[in-house]
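Me: Hi! I'm new to this one and would like a quick tour. Can you help me find my way around?

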Amino acid sequence: MLILISDAFDASLEGKLARFGEVTTDKARACEADVILVRAKTICDKAYIDSLKNCKLIIRGGVGIDNIDKPYAESHGIIVTNTPKASGIAVAELAFALMLSVPNNLTYYHHGMKHGEWLKNTKRTELYGKTLAFIGMGNIAYQVAKRAVAFGMNIVAYDVYVDEKKKDIVKFVPTPEEAVENADYISLHVPGMDSTKGMVNKELISHMKKHPVLINTCRGAVINADDVKEALDNGSISWYATDVYPTDNAEKLFSMDYPILGSDRVTLTPHVGANSKENLLRIGDEVCDTIERLKSEGKI
Ligand code: NAD
């Protein structure tokens, strides 16, 4: 069995996979690989899938599989799977770090100190007693919610699926409009797909009464970037903290005139939600478990 590691995984993964066969990081060998491991960078579109001659399995190390044309791969007999369990804690901690950085003016104070400015007159605000709204209340969102409860926040959420088990700390509401209307903070956790594209747009923003902070650790395309930039300019959204963009190709992103990059009221990280050292180890272990299982079931 030839396994291609096509994107960045933990360095230990190559050794762990050796028990299954030959392991390569040479992308030019994709056409002969039986198993291909990708994260967000390798785009498995129709042309890529057409170029694969032996592939039986593509594993996305991480959650969102929007960089893989799953129906097309499956129509070619390729199993497509991901590592849904691994990333919850890592992404939740980043979402929380982004949320804490805004009311605590962290980047503002930091730059002040670096430039000899003692900016003590600018007051911080607290998360305690504030309302945090979630759009999407899946695995990662629930991890964020649990941490927010410990900070004394009130939790509301809109999700197409209401999970009874999460009602212990989450108040589910039937529409995204209702979720955002009294929110001080809004955290986005829906998958990237046609039905969630541009969900945060002018219309939804018009229901946000409290000039909330918007945090996005799910997918860049879930916001309408022009509408969010306009809301940042006119103050209807007070801040946008994001880990995700319309593309993961940095060269393309920095040359595309993405309006969010031009705003002063943003905190930006380069899609590192799943990139904790601990999580990359967890992802590697889940990849190995998946290969082991599918092998024992005779599927690969
Ligand atoms: P999940 O499947 O556990 O949760 C997604 C939730 O969204 C589900 O509860 C689902 O019912 C809900 N949902 C789907 N469509 C919806 C809609 N139209 N309106 C409202 N709710 C809807 O997934 P998760 O593990 O929580 O991950 C969420 C997303 O986070 C992933 O799909 C991925 O895009 C993103 N992610 C980002 C990073 C990162 O590095 N920043 C890492 C992992 C995952």
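Me: Thanks! Which pocket does the ligand take up?
Reply: The space taken by the ligand is the largest pocket. Keep in mind that this is a predicted model.

Me: Okay, and which residues come nearest to the ligand?
Reply: There are 27 residues around the ligand, and Asn-139, Ile-140, Asp-159, Thr-217 and Asp-243 come nearest.

Me: What classes do the residues of that shell belong to?
Reply: The shell around the ligand has 14 nonpolar residues, ten polar ones and three charged ones.

Me: You named Asp-159. How far is its side chain from an oxygen atom of the ligand?
Reply: An N or O atom in the Asp-159 side chain is 2.6 Å from a ligand oxygen. On the backbone side, a polar atom of Val-160 is 3.5 Å from a nitrogen atom of the ligand.

Me: And how much of the ligand does the protein cover?
Reply: On its own the ligand has 860 Å² of accessible area, and the protein covers 86% of that.

Me: New topic: where does Asp-184 lie?
Reply: Asp-184 is in the loop that runs between helix H7 (176-180) and strand S9 (185-188).

Me: Is Asp-184 buried or exposed there?
Reply: Asp-184 counts as buried because its relative accessible area is 15%, and the cut-off for buried is under 20%.

Me: What does the side chain of Asp-184 make a polar contact with?
Reply: One partner is the side chain of Lys-210, at 3.3 Å. A polar atom of the Asp-184 side chain also lies 2.8 Å from the backbone nitrogen of Thr-131.

Note on methods:
Residues numbered from 1 in each chain as written. Predicted model: local features only at pLDDT ≥ 70, side-chain atom pairs only at ≥ 80, totals over all residues. Heavy atoms only, no water. Near = heavy atom within 4 Å. Polar contact = N/O pair within 3.5 Å; in protein donor to acceptor, adjacent residues only side chain to side chain. Areas by Shrake-Rupley, 256 points an atom, 1.4 Å probe, with all protein chains shown as cover. 1 Å grid on protein atoms, 1.4 Å probe; cavity = no way out; pocket = protein on both sides within 12 Å on 5 of 7 lines; lining within 4 Å. Sits in = over half its atoms within 2 Å of the grid points. Nonpolar A, V, L, I, M, F, W, Y, C, P; charged D, E, K, R; others polar. Helix = DSSP H or I, 4+ residues; strand = E, 2+ residues; numbered from the N terminus. Buried < 20%, exposed > 50% of the residue type's maximum accessible area, 1.4 Å probe, protein only.
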